[in-house]
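Me: I would like to learn how to read a few features of a structure. Could you walk me through them?

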Amino acid sequence: MASETRGATDAWSRARSWLDTPDGSLLGLCVASVAVAFGAGLLQVSFGAYSMTIVQAWQAVFDPKVWFSVQAWQSFFFGAELPELPKRTLIVWNIRMPRVIVAVLAGMCLAVSGAIFQAVTRNELASPFVLGVSSGAGLTVLLTLVLFSSLAPFLPLFAAIGGSIAFLLVYMIAWKGGTSPVRLVLAGVIVNMVFTSLQRGLFFFADDLGVVQSALAWITGSLTGVGWEEFRIAVIPTAAATVLALVGARQLNLLLLGEETASSLGMSVERVRFMLSAVAILAASTAISVAGIIGFFGLVVPHIVRLIVGSDYRRLIIGCVFVGPALMVVADVGARLALNPAQVPVGVVTGVVGGPYFLYLMRRQDQMGEI
């Protein structure tokens with residue numbers, strides 16, 4: 001009996017020792033993130049105008065009439081007509097489930113984008129929101145929604161164009177024989193203010209009050225009312241940006257070593273920097289096109305992951321792919337239930353949490369560098 005107890009204790013000690021390694025921490029983080037996202041998603045689909053218990057929601061989520069129906073999946077992925085389904089199943093899968101899945105995609109995109117920008121700029125304060133990419137992408141998306149609504153299926157493309165223009169402007173403003181973390185942040189603030197003002201100016205050109213209200217909700221970052229159409233818009237760009245980020249993890253590690261070191265190892269620094277920036281802009285623009293401007297999310301998530309798995313981008317990107325969706329679904333559940341039945345935009349929740357964290361990061365640094 002004593003030997004069995006000692007053997008079990010030794011096995012548990014070995015398991016704990018392995019979990020303390022970077023790879024063990026990453027696996028534990030991924031498993032925990034999946035569990036959190038699943039639990040929060042189940043809670044999300046349980047609440048709404050049509051009330052049901054968590055058990056009933058669970059039964060609807062795992063209804064075989066959906067899982068084994070080719071027509072149902074064709075409807076979700078390609079917009080075909082939905083098959084006849086029980087009422088609870090129809091409500092969960094056609095109205096509530098898309099919100100959870102779009103939150104997963106948006107969280108993944110913003111987390112990966114923020115991680116890339118922090119490596120490309122070698123600035124831990126960098127994120128799509130801080131660098132003005134969000135406001136640039138937001139301007140083109142809002143322009144499309146208000147003036148060219150028929151082009152809505154191309155929102156990720158227009159958002160990427162707007163985000164690219166904003167990022168180039170930030171770099172041009174910050175460039176002075178090179179860039180510094182402080183100049184990049186200040187240039188991002190300037191570009192963000194200008195593009196945000198232009199966004200507000202667009203409201204004067206909108207005649208439809210409904211368009212104005214939806215645009216206002218979109219500016220604050222909201223997942224209310226998203227459906228399978230938004231999923232279809234975002235899924236391919238999200239997959240592409242995630243795969244490219246994982247492929248570029250080694251180059252991101254080299255960029256963190258500094259330009260001279262990276263060049264000495266044979267890297268074309270500027271070309272790689274702008275290629276990876278394009279991946280980050282694609283990821284951020286995809287999230288913005290379906291969920292609006294969700295501030296500070298891309299800043300906070302990479303820091304949380306870095307504290308657990310370290311700074312190696314081969315692990316950091318994978319961690320962001322799992323933690324980003326989990327935290328976005330949790331934030332959206334909080335936004336939905338905090339003032340139930342009223343719904344708070346998820347961007348308000350991330351701003352309330354991310355703003356103080358941004359201030360903490362700024363004050364934590366002993367030296368911010370020369371402007």
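This is a predicted model: local features need pLDDT of at least 70, side-chain atom pairs count only at pLDDT 80 or more; totals for chains, interfaces and linings use all residues.

Me: Let's start with the helix. What span does α14 reach from its first C-alpha to its last?

Reply: Helices are DSSP runs (H or I, at least four residues), numbered from the N terminus. The expected span is 1.5 Å times one less than the number of residues. Helix α14, residues 269–291, has 23 residues and reaches 33 Å, close to the expected 33 Å. Just after α14, Gly292 takes a positive phi of about 85°.

Me: How many residues of α14 are buried?

Reply: Buried means under 20% relative accessible area, exposed over 50%, and partly exposed in between (1.4 Å probe, protein chains only). In α14, 17 of the 23 residues are buried, so the helix is largely enclosed by the rest of the structure.

Me: Now the rings. How many aromatic pairs does the structure hold?

Reply: A pair of aromatic rings is described by the distance of the centres and the angle of the planes. Rings of Phe, Tyr and Trp (its six-membered ring) pair if their centres lie within 6.5 Å; planes under 30 degrees apart count as stacked, over 60 as edge-to-face and the rest as tilted. The structure holds 18 such pairs. Trp58 and Phe62 have ring centres 5.0 Å apart and planes at 45°, so they are tilted. Phe76 and Trp93, with centres 5.5 Å apart and planes at 10°, are stacked. This second pair links distant parts of the chain, with Phe76 in α5 (residues 70–78) and Trp93 in α6 (residues 87–120), 17 residues apart.

Me: Are Phe76 and Trp93 buried or exposed?

Reply: Phe76 is buried at 0% relative accessible area, and Trp93 counts as buried at 4%. By contrast, Trp58 is partly exposed at 42%, as is Phe62 at 35%.

Me: Which element gives the most to the lining of the largest pocket?

Reply: Rolling a probe the size of a water molecule over the atoms shows where empty space is left. Here α2 gives the most, with 7 residues.

How values were computed:
Residues are numbered from 1 along each chain as its sequence is written. Side-chain values use heavy atoms; hydrogens and water are left out. Helices (H or I, at least four residues) and strands (E, at least two) are DSSP runs, numbered from the N terminus.
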